[in-house]
Amino acid sequence: MTTAPGHGERAAAIVLVLTIVTMAAEIVAGWWTGSMALLADGWHMGMHAAAMAVAVFAYRFARRHAGANRYAAGAHKAPDLGAFANAVILAVIAVLVAGESAVRLVSPERIDFSTALPVAVIGLSVNLLSAWLLRDSPHDHGCGHEHRDNNREAALIHVLSDALTSALAIVALWCGRRYGLVWLDPLMGLVGAAVILRWSSSLLRRSADALLDADVAPGPDMVAMHTPVERGHYH
């Protein structure tokens, strides 16, 4: 017997559809106009679509195997595993963006500002809508204790990182079109990559701790749990 989808799963599924539609639109627009910038951003969105698919799969796997005894740690670990995988994907994206930005900083390319700027604005709008959908729901904490949904946070960080790159791109594209500062576009890419890499490293630590049941600061309960066993050797 499976339970009904929760807020995180529903939001991730909707964001997955939005991401795929935006990705397809950017790839088609890039091919039609001959804009490599749009094509690159379209495939960049494709990696985010893959991340959203991982998040949705993790939610559904955990929900459908909630009562299974096959997994010693419980199927509820699946969303944390999805969060860990997404953190790795996010780190890869950051490295790729940094590498491409560095190349373009050294060897600037012609940018079609009139096409790239409105598409960047549309991308930012989609990402802000996605972030709103993935926001934390107070109903998720109705059991009396707080449970951190690392899977939802991973999906949220993905769309926020894309929103960040879109916002930086808008600033860079506007300055490039207005003042001819073409070098600002790859520089903003490096700044965005650094922020994304920091987000991904934080998410990696949290999801790894959740997967390994790490006790960040062992309290009296942990000490008390081991004390009787240790004392037993002395009697």
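This is a predicted model: local features need pLDDT of at least 70, side-chain atom pairs count only at pLDDT 80 or more; totals for chains, interfaces and linings use all residues.
Me: How many aromatic pairs does the model contain, and what makes Phe57 and Phe61 a tilted pair?

Reply: The count comes to two aromatic pairs. The ring centres of Phe57 and Phe61 are 5.9 Å apart, and rings pair if their centres lie within 6.5 Å. Their planes stand at 35°; stacked requires under 30 degrees and edge-to-face over 60, so the pair is tilted.

Me: Where do Phe57 and Phe61 lie in relation to each other along the helix?

Reply: Both belong to helix α2, which covers residues 36–64. Because they are four residues apart in this helix, about one helical turn separates them.

Me: Why is Phe57 called exposed, and why is Phe61 called partly exposed?

Reply: The relative accessible area of Phe57 is 57%, and exposed means over 50%; therefore Phe57 is exposed. Phe61 has a relative accessibility of 23%. Buried would need under 20% and exposed over 50%, so Phe61 counts as partly exposed.

Me: Why are Trp174 and Tyr179 described as edge-to-face?

Reply: The centres of their rings are 5.8 Å apart, within the 6.5 Å that a pair requires. Their planes are at 80°, and over 60 degrees counts as edge-to-face, so that name applies to Trp174 and Tyr179.

Me: How do you know whether Trp174 and Tyr179 are buried, partly exposed or exposed?

Reply: Trp174 has a relative accessible area of 40%, which falls between the limits of 20% and 50%, so Trp174 is partly exposed. Tyr179 reaches 53% relative accessibility; since exposed means over 50%, Tyr179 counts as exposed.

Me: What is known of Arg135 and the ring of Trp132?

Reply: Arg135 lies over the face of Trp132, at 4.1 Å from the ring centre. The distance limit for a charge over a ring is 6 Å.

Me: Why is Asn86 called buried, and which residues is it in contact with?

Reply: Asn86, in helix α3 (residues 78–106), has a relative accessible area of 0%. Buried means under 20%, so Asn86 is buried. Leaving aside neighbours within four places in sequence, Asn86 is in contact with Ala51, Val54, Ala55, Asn151, Ala154 and His158.

Me: Are Thr19 and Val21 buried or exposed?

Reply: Thr19 lies in helix α1, and Val21 lies in helix α1 (residues 7–33) as well. Thr19 has 5% relative accessibility, under the 20% limit, so Thr19 counts as buried. Val21 has a relative accessible area of 52%, over the 50% limit, so Val21 is exposed. Beyond its neighbours within four places in sequence, Thr19 is in contact with Met45, His48, Ala49 and Met52.

Me: How many cavities of 30 Å³ or more does the structure hold, and what lines the largest?

Reply: The structure holds two such cavities. The largest contains about 60 Å³ of space, and its lining consists of Arg104, Pro108, Glu109, Ile111, Val182, Trp183, Asp185 and Pro186.

Key:
Residues are numbered from 1 along each chain as its sequence is written. Side-chain values use heavy atoms; hydrogens and water are left out. Rings of Phe, Tyr and Trp (its six-membered ring) pair if their centres lie within 6.5 Å; planes under 30 degrees apart count as stacked, over 60 as edge-to-face and the rest as tilted. Helices (H or I, at least four residues) and strands (E, at least two) are DSSP runs, numbered from the N terminus. Buried means under 20% relative accessible area, exposed over 50%, partly exposed in between (1.4 Å probe, protein chains only). A charge sits over a ring if NZ of Lys or CZ of Arg is within 6 Å of the ring centre and within 35 degrees of the ring normal. On a 1 Å grid over the protein atoms alone, a cavity is a set of points where a 1.4 Å probe fits but cannot get out, and a pocket is an open set with protein on both sides within 12 Å along at least five of seven lines; lining residues have an atom within 4 Å of a point. Grid points are joined across faces, edges and corners, and a volume is the space filled by probe spheres set on the points. Contact means heavy atoms within 4.5 Å.
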